[in-house]
Amino acid sequence: MAARQKSMSSSLMGTLAASCLLVMALWVQREAAVPIVSHCSLDRANFQQPYITNRTFALAQEASLADNNTDVRLIGTKLFQGVNQMTERCYMLKQVLNFILEEMLLPQSNRFKPYMQEVVPFLARLNKKLGQCHIECDNQNIQRNVQNLKDTVKKLGESGEIKVIGELNLLFMALKNECTRPGQSSEMDN
C-alpha cells in the first residue's frame, strides 16, 4: 500500500511538473507574440485644460482661414489606415507630432501670434512625454503612413505648412483619443 501511495504521489508530482512547464511555455509564447510597448500613453489631464485647448483650436482656426487647399486632409482616417492597435496609433502620432514640431511649427513660430507661442511649448511637452514610446513589431504601415504625410506636406510647400497648422485641432483630438486611457494616468505624468 505504501508503494502504491508512493507511485501515485510520484505520478501526481510528474503531472504537476509537466503542467507547470506547459503553462510556462504558453506564457512565454504569448509574451513573444505580443509587441513590446513602453510609455505609449499620456495622462488625460493634459487634454482637459480649457485654456490650452482653446488656444490650440484658435490657432488651427486662424491657420485654416489661410488654407486654400480643401481637398487634402492630413490628420484623418487615411493616416490610420492599417494601424489598428491603440498603442501603435499612439506611436504613429508620436512620429507625426515630432515631424510637425521640428519641421513645421518651430520654423513657423513667428506666425499666428499669440497662439503659436503658447501651443508649441504645450505640444513639445507632449512630445517629450511620448519620448520613451516605442514598439517592437512590424511597423511598415506606420512608417509608410507617416512618410506619406511628410511627402504630402512637402509636395504642398507653404500651403502644406499652413495646412498642418490648420489641422492642429485634429492632431490634438487624435492624441487625446489614441494616447489616453480613461481613468488611467501614465507613469511619465506622475
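Is Cys 133 buried or exposed? Cys 133 counts as buried, because its relative accessibility is 0%, where buried means under 20% relative accessible area, exposed over 50% and partly exposed in between (1.4 Å probe, protein chains only).

1. Basis of the note. The structure is a predicted model, in which local features need pLDDT of at least 70, side-chain atom pairs count only at pLDDT 80 or more, and totals for chains, interfaces and linings use all residues. Residues are numbered from 1 along each chain as its sequence is written, and side-chain values use heavy atoms, with hydrogens and water left out.

2. Disulfides in general. Two disulfides are found when the whole structure is searched, a disulfide being a pair of cysteine sulfur atoms within 2.5 Å. When the bonded cysteines of the protein chain are numbered in sequence order, the pairing reads 1-3, 2-4.

3. Cys 40 and Cys 133. The sulfur atoms of this disulfide are 1.9 Å apart. The link of Cys 40 and Cys 133 is right-handed, with 95° about the S-S bond. Distant parts of the chain are linked here: Cys 40 sits in the loop between β1 (36-38) and α2 (50-65), and Cys 133 in the loop between α4 (115-129) and β2 (134-136), 93 residues apart. The elements named in this note are DSSP runs, numbered from the N terminus: helices are H or I with at least four residues, and strands are E with at least two. Cys 40 counts as buried because its relative accessibility is 5%.

4. Cys 90 and Cys 179. The link of Cys 90 and Cys 179 is right-handed, with 115° about the S-S bond. This pair also links distant parts of the chain, since Cys 90 belongs to helix α3 (residues 86-105) and Cys 179 to helix α7 (residues 168-179), 89 residues apart. Cys 90 is buried at 0% relative accessibility, and Cys 179 is buried at 0% as well.

5. Aromatic pairs. The count comes to three aromatic pairs; rings of Phe, Tyr and Trp (its six-membered ring) pair if their centres lie within 6.5 Å, and planes under 30 degrees apart count as stacked, over 60 as edge-to-face and the rest as tilted. One of them is edge-to-face because the rings of Phe 47 and Phe 172 have their planes at 75°, with centres 5.2 Å apart. Phe 47 lies in the loop between β1 and α2 and Phe 172 in helix α7, 125 residues apart, so that the pair links distant parts of the chain. Phe 47 is buried at 4% relative accessibility, and Phe 172 is buried at 2%.

6. Phe 57 and Phe 172 form an edge-to-face aromatic pair, 5.8 Å centre to centre with 80° between the planes. Because Phe 57 lies in helix α2 and Phe 172 in helix α7, this pair ties together parts that are 115 residues apart in sequence. Phe 57 is partly exposed, with a relative accessible area of 30%. Helix α5. This helix has 17 residues and reaches 24 Å from its first C-alpha to its last, close to the expected 24 Å; the expected span is 1.5 Å times one less than the number of residues. Ile 142, Asn 145, Val 146, Leu 149 and Val 153 are buried in α5. These buried residues line one face of the helix, because they fall within an arc of 95° when seen down its axis, the arc being that of the directions from the helix axis to the C-beta atoms. The face turned away from the buried side carries the exposed residues Gln 140, Lys 154 and Lys 155. The cover of the buried residues includes α3, β2 and α6 (158-166), and contact means heavy atoms within 4.5 Å. Just after α5, Gly 157 takes a positive phi of about 65°.

7. Lys 150. Lys 150 is placed in helix α5 (residues 140-156) and counts as partly exposed at 25% relative accessibility. Lys 150 and Ile 100 are 50 residues apart in sequence and 9.0 Å apart in space, C-alpha to C-alpha.

8. Nonpolar core. The largest nonpolar core has 47 residues, of which Ile 100, Leu 105, Leu 123, Leu 168, Leu 171 and Leu 175 touch the most other members. Such a core is a set of buried Ala, Val, Leu, Ile, Met, Phe, Trp, Tyr and Cys residues joined through side-chain atoms within 4.5 Å. At least two residues of this core come from each of α2, α3, α4, α5, α6 and α7, and α3 gives the most, with 11 residues. Leaving aside neighbours within four places in sequence, Leu 105 is in contact with Ile 100, Met 116, Val 120, Leu 123, Ile 165 and Leu 168.
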